[in-house]
Amino acid sequence: MARAIELSVENVNAGGGPFGAVVVKDGAIVAEGVNRVTATHDPTAHAEVSAIRAACAKLGAFELRDCDLYTSCEPCPMCLGAIYWARPARVYFANLATDAARVGFDDAFIYREIAQPHARREIPMIQMMREEALAAFRAWEKKPNKVEY
């Protein structure tokens, strides 16, 4: 955790956001990540997502079942989703989401949006061409050599 916090402070001093994360396996750091949203013009470049991507690439796997994730702050909804897909053994966090909200990183509105019907969200979600899109799911179901995840 000390390294994740150190990364978060270093990143602020380098012009980035106040977030850092590390992935640990067998007591050793496998990968690190910091918030690079503004530096890379990528809204998905959060510390946890960056650390997960780097760890998966290094380990040659799309799951981190034998790893722990340490993050300087309670994960946002996007990072939480990525964490669940990566399936680490545990997640440790330092700051609370309410601490982040106090300095301008408030994700509470996203949780409220998820609960809204699609058409009532701030960014309306409009379903279309479902029958055509189901073709991909039918192909997936029939594929004999698919990699389950």
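Author: Strands (E, at least two residues) and helices (H or I, at least four) are DSSP runs, numbered from the N terminus. Here, S1 and S3 pair in the antiparallel sense over five bridges. Alanine 21 stands opposite threonine 71 in S3. Two notes before we go on. This is a predicted model, where local features need pLDDT of at least 70 and side-chain atom pairs count only at pLDDT 80 or more, while totals for chains, interfaces and linings use all residues. Residues are numbered from 1 along each chain as its sequence is written, and side-chain values use heavy atoms, with hydrogens and water left out.

Reader: What is the order of the strands in the open sheet?

Author: The four strands run S2-S1-S3-S4, with mixed pairing. At the edges sit S2 (28-34) and S4 (90-95), each pairing on one side only.

Reader: On to the rings. How is a pair of aromatic rings described?

Author: By the distance of the centres and the angle of the planes. Rings of Phe, Tyr and Trp (its six-membered ring) pair if their centres lie within 6.5 Å; planes under 30 degrees apart count as stacked, over 60 as edge-to-face and the rest as tilted. This structure holds five aromatic pairs. One of them is phenylalanine 19 with phenylalanine 105, edge-to-face at 4.9 Å centre to centre and 90° between the planes. Phenylalanine 19 lies in the loop between H1 (2-13) and S1 (20-25) and phenylalanine 105 in the loop between H5 (97-102) and H6 (108-115), so the pair ties together parts 86 residues apart in sequence.

Reader: Is phenylalanine 19 buried or exposed?

Author: Buried means under 20% relative accessible area, exposed over 50%, partly exposed in between (1.4 Å probe, protein chains only). Phenylalanine 19 has 13%, so it is buried. Phenylalanine 105, at 33%, is partly exposed. Another edge-to-face pair joins phenylalanine 62 and tyrosine 149, with 6.0 Å between centres and 75° between planes.

Reader: Which residues form one aromatic cluster?

Author: Phe62, Trp85, Trp140 and Tyr149. Check their accessibility too: phenylalanine 62 is partly exposed at 43%, and tyrosine 149 counts as exposed at 60%. Tryptophan 85 is found in helix H4 (residues 77-86), and its relative accessible area of 55% makes it exposed.

Terms used. Pairing = 2+ DSSP bridges.
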